[in-house]
Amino acid sequence: MTPPHGVAPRPVLLLDVGGVLLLPAASEVVEALEAWGASLPEVDDATLHYEAVSAFDCSGDILDYRRAYGRGLGLRGAALQSAVSAHEVWRRPWSIAIPSAVEKLRWLVQDGGVDVAIVSDSDGTVARQLVDTKVCQVGTGPLPAVLAVCDSTLVGATKPSRLIFDAARRAVGESRRILGHVGDSLRCDVRGAYGADLTPIHIDPLGSCPERDHRHAAGLADLSSGLA
């Protein structure tokens, strides 16, 4: 992806994965939590996730994400608290690719004149999850090509730490212009981007964010071609 000699390098957009490109499948979580009495939710997979992210953003405690998600699956009381503590259940790969986001990603890198790099808090497997869900891959191939995947476990730093964004800068080339960072968490993505001197774009389809000092979008597909 090195541009020809004399051609200016393309700008880069950084993307989170969860809530931007992938979602957890509620049906799979229900199956894993069957012993606790979980049932399929009345809302869709996306709403369930974004409501849980809003709960996490209020406290910064990942257990609050699980509590909100578990309540959406009908869990209450002791069953909810026990399910929240079942850590292995919540480490399942996220298997739902957001179709409109995948199409936008493909357009960005193929026709939009923008390169993309991934910045994700994950367990070392996010690059594989993106390939398995047919979202993107590093380098050329059948899927949309991204410059790099910065996985917090492999980098050794999680958002909102500046260190993971600095790793992304090094991965794409420190002279490259970065348009911004797109993510669904106020606490991790927006504040992390600000701390790394980047422009945040907050994916907030439910309008839950109480802060209006940064850009919001309902999804990656809603970003204007003027930014990306």
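**Chat: strands, cores and a buried proline**

Student: Is strand 8 enclosed or open to the outside?

Tutor: Six of the six residues of strand 8 are buried, so the strand is largely enclosed by the rest of the structure. Bear in mind that this is a predicted model.

Student: Ok. Which strands does strand 8 pair with?

Tutor: Strand 1 pairs with strand 8 in the parallel sense, over four bridges. Strand 9 also pairs with strand 8 in the parallel sense, over three bridges.

Student: And what stands opposite His202 of strand 9?

Tutor: That's Gly183. To get from strand 8 to strand 9, the chain goes through helix 9 (residues 186-195), and this β-α-β crossover is right-handed.

Student: Back to strand 8: what stands opposite Val182?

Tutor: Leu15 does. Leaving aside neighbours within four places in sequence, Leu15 is in contact with a list of residues including Leu21, Leu105, Val116, Ile118, His181 and Leu220. Val182 is on that list too.

Student: Which residues touch the most other members of the largest nonpolar core?

Tutor: Leu15, Leu21, Leu105, Leu130 and Val182, out of 29 residues in that core. Among the elements that give two or more residues to this core are strand 1 (12-15), strand 4 (115-120), helix 6 (126-132) and strand 8 (178-183).

Student: Which element gives the largest share?

Tutor: Helix 5, with five residues. There's also a second, separate core of 21 residues, which includes Val30, Leu48, Ala68 and Leu73.

Student: New topic, Pro24. Where is it found?

Tutor: Pro24 is in the loop between strand 2 and helix 1 (26-32).

Student: Buried or exposed?

Tutor: Buried: the relative accessible area of Pro24 is 6%, and the cut-off for buried is under 20%.

Student: What is Pro24 in contact with, beyond its sequence neighbours?

Tutor: Leaving aside neighbours within four places in sequence, Pro24 is in contact with Asp45, His49, Tyr65, Tyr69, Trp94 and Ile96.

Student: How far apart are Pro24 and Trp90?

Tutor: They're 66 residues apart in sequence and 9.6 Å apart in space, C-alpha to C-alpha.

Student: Last one, helix 4. Which of its residues are buried?

Tutor: In helix 4 (residues 77-84), the buried residues are Leu80, Ala83 and Val84. Looking down the helix 4 axis, the buried residues fall within an arc of 100 degrees, so they line one face of the helix.

Student: Why would spacing like that give one face?

Tutor: An α-helix has 3.6 residues a turn, so residues three or four places apart point the same way.

Student: And what covers the buried residues of helix 4?

Tutor: The cover includes helix 3 (62-72).

Key: Residues are numbered from 1 along each chain as its sequence is written. This is a predicted model: local features need pLDDT of at least 70, side-chain atom pairs count only at pLDDT 80 or more; totals for chains, interfaces and linings use all residues. Side-chain values use heavy atoms; hydrogens and water are left out. Buried means under 20% relative accessible area, exposed over 50%, partly exposed in between (1.4 Å probe, protein chains only). The arc is that of the directions from the helix axis to the C-beta atoms. Contact means heavy atoms within 4.5 Å. A nonpolar core is a set of buried Ala, Val, Leu, Ile, Met, Phe, Trp, Tyr and Cys residues joined through side-chain atoms within 4.5 Å. Two strands pair if DSSP finds at least two bridges between them. A crossover is right-handed if, with the strands pointing away from the viewer, the path from the first strand over the helix to the second runs clockwise.
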